[in-house]
Amino acid sequence: MTISRFIPPQRTLMGPGPSDVSPRVLQALAQPTIGHLDPLFVGMMDEVKALLQYAFQTENAFTIAVSAPGSAGMETCFVNLIEPGDTVIVCRNGVFGERMRENVERCGATAVMVDDEWGKPVDPAKVEAALKANPEASVVAFVHAETSTGALSDAKTLSALAREHDCLTIVDAVTSLGGVPLLVDEWQLDAVYSGSQKCLSCVPGLSPVTFSPRAVEKMQQRTGKVQSWFLDQSLVLGYWSGEGKRSYHHTAPVNSLYALHESLLMLKEEGLENAWQRHRDMHELLKAELEALGVNFLVEPDHRLPQLNAVAVPEGVDDAAVRAKLLNDYNLEIGAGLGALAGKAWRIGLMGYAAKRENVALCAKALKDVLG
Ligand code: PLP
């Protein structure tokens, strides 16, 4: 076997992530690697923290990027906040709610499931009923933007309910951060995790997380050790916290953090509200194009994610053949249906740098050609 350099093609990424990475972020990634305890790098990490606080709209001091993808951010929240014997209300309206259940059970806790149909948001009335029926519950966990279905849930209302019942919230904001309003402090969310590769349009492999003072207090009151050494935030914090005394925990993904810094800076330069509006505008453009092609959305208009357009594969159309043609002939990636929606849905992403007119036009033209 002869192995030569791998030169990837220039695709347009309009799936569920990763999304198109801007040339500015790719350039940042290609800068010289410096030591992860180099004072200049440590200074840059402080800026990443400040930029993440802006993106999350929080003043939480404990706001960092976990050195691993969104799934590790998810696991970080669960392993640090849940102890064996705890009861957690887990909302499941797609693939990622089910993963939350897995996490809860692997922590030795009981997951009380609140189920909603795929494509529907989490129903606050069901969550309230579960909270009333399980007064021992200490956490409510839900996915803000379900990437598997394209549905947005009402994080503000769910958080208020959790607080009324003295529960913390664990919130999956992997697809929501940077794409739709997410106001961590105003909504009083407690543990929120995201991913670098969706609406931040950075390379995959980092997971921004933020913990409220209430969540930090709960971690400090743990009776047992966190079962994961790598994700134990009491150890990681020594590396991310300032005061000039960084201690080695693991070797940070230096260049990926340059890239995250650049992508967050781009978000700050654009302004969060403008970024949210751009996602909405591009969604409206795409919606008009798709409807003209007779392609129907799976989610009701009020709960649709602008950055993840889940549509039904039209009757009689070969899902995989269409996606393969888009990829091979147009260098365009759209997402397949996941879990219960496999073979039945396409997920068309308009995330971060990919949420632009040229992409909407390319996708509309390519789908029109391929669907004939
Ligand atoms: N949660 C949601 C809502 C996601 O969409 C994803 C990834 O698509 C994840 C969690 C897991 O993130 P990652 O694939 O970066 O581990």
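Two strands pair if DSSP finds at least two bridges between them, and I kept that criterion at hand while reading the sheets of this predicted model.

**Entry 1: the sheet of 4 strands**

I began with an open sheet of 4 strands, whose order I noted as β1-β12-β13-β11, with mixed pairing. Its edge strands are β1 (12-14) and β11 (308-312), each of which pairs on one side only. Ignoring direction, I found neighbouring strands of this sheet turned by 30° against each other on average. I then looked up how β1 is joined to strand β12 (residues 332-336), and found 3 bridges between these strands, which run parallel. For Leu-13 I wrote down Glu-333 as the bridge partner in β12. Helix α12 packs on this sheet, where it touches β1, β12 and β13 (345-349), and the direction of α12 makes about 85° with that of β1.

**Entry 2: the helices that pack against α12**

Helix α10 (residues 272-292) packs with helix α12 (residues 357-371) at an angle of about 15°, and their axes lie 10 Å apart. Angles under 35 degrees count as roughly parallel, and α10 is therefore roughly parallel to α12. The crossing in which α10 passes α12 is right-handed. On the α10 side I listed Met-282, Leu-285, Leu-286 and Glu-289, which meet Arg-357, Val-360, Cys-363 and Ala-364 in α12. By class, the residues of this contact of α10 with α12 divide into 6 nonpolar, no polar and 2 charged.

I then turned to helix α11 (residues 319-330), which packs with α12 at an angle of about 120°, their axes being 10 Å apart. With that angle, α11 and α12 are oblique to each other, and I recorded their crossing as right-handed. Here Val-322, Lys-325, Leu-326 and Tyr-330 in α11 meet Leu-362, Ala-366 and Val-370 in α12. The residues of the contact of α11 with α12 divide into 6 nonpolar, no polar and 1 charged.

**Entry 3: the sheet of 7 strands**

The model also has an open sheet of 7 strands, which I read in the order β2-β10-β9-β8-β5-β3-β4, again with mixed pairing. At its edges I found β2 (62-66) and β4 (110-115), each pairing on one side only. With direction ignored, neighbouring strands of this sheet are turned by 15° against each other on average. Within the sheet I followed strand β5 (residues 139-143), which 5 bridges join to strand β8 (residues 168-172), and these strands run parallel. The bridge partner of Val-143 in β8 is Asp-172.

**Entry 4: α2 against α9**

Helix α2 (residues 39-56) and helix α9 (residues 254-270) pack with their axes 9 Å apart, at an angle of about 40°. The contact is made on the α2 side by residues including Phe-41, Met-44, Val-48, Leu-51 and Leu-52, and on the α9 side by residues including Leu-257, Leu-260, His-261, Leu-264 and Lys-268. I counted its residues by class as 14 nonpolar, 1 polar and 2 charged for the contact of α2 with α9.

**Entry 5: the shell around the ligand**

Which residues are closest to the ligand? I found 14 residues surrounding the ligand, and the closest of them are Pro-69, Gly-70, Ser-71, Thr-147 and Val-174. Helix α3 (residues 70-81) contributes the largest share of this shell, with 3 residues. The classes in the shell around the ligand are 7 nonpolar, 6 polar and 1 charged residues.

I ended with the backbone, where the peptide bond from Gly-17 to Pro-18 is cis, with omega near 5°. Pro-18 has its place in the loop between β1 and α1 (23-29), and that strand β1 is the edge strand from my first entry. I also looked up Asp-166, whose phi is near 60°, a positive value in a residue other than glycine. Asp-166 is found in the loop between α6 (155-164) and β8, and β8 is the strand that runs parallel to β5.

Technical notes
Residues numbered from 1 in each chain as written. Predicted model: local features only at pLDDT ≥ 70, side-chain atom pairs only at ≥ 80, totals over all residues. Axes fitted to C-alpha atoms, helices over the stretch in contact; angles between N-to-C directions. Helix = DSSP H or I, 4+ residues; strand = E, 2+ residues; numbered from the N terminus. Parallel < 35°, antiparallel > 145°, perpendicular 65-115°, else oblique. Left-handed = near helix turned anticlockwise from the far one by under 90°. Contact = placed C-beta atoms within 7 Å. Nonpolar A, V, L, I, M, F, W, Y, C, P; charged D, E, K, R; others polar. Near = placed C-beta within 6 Å.
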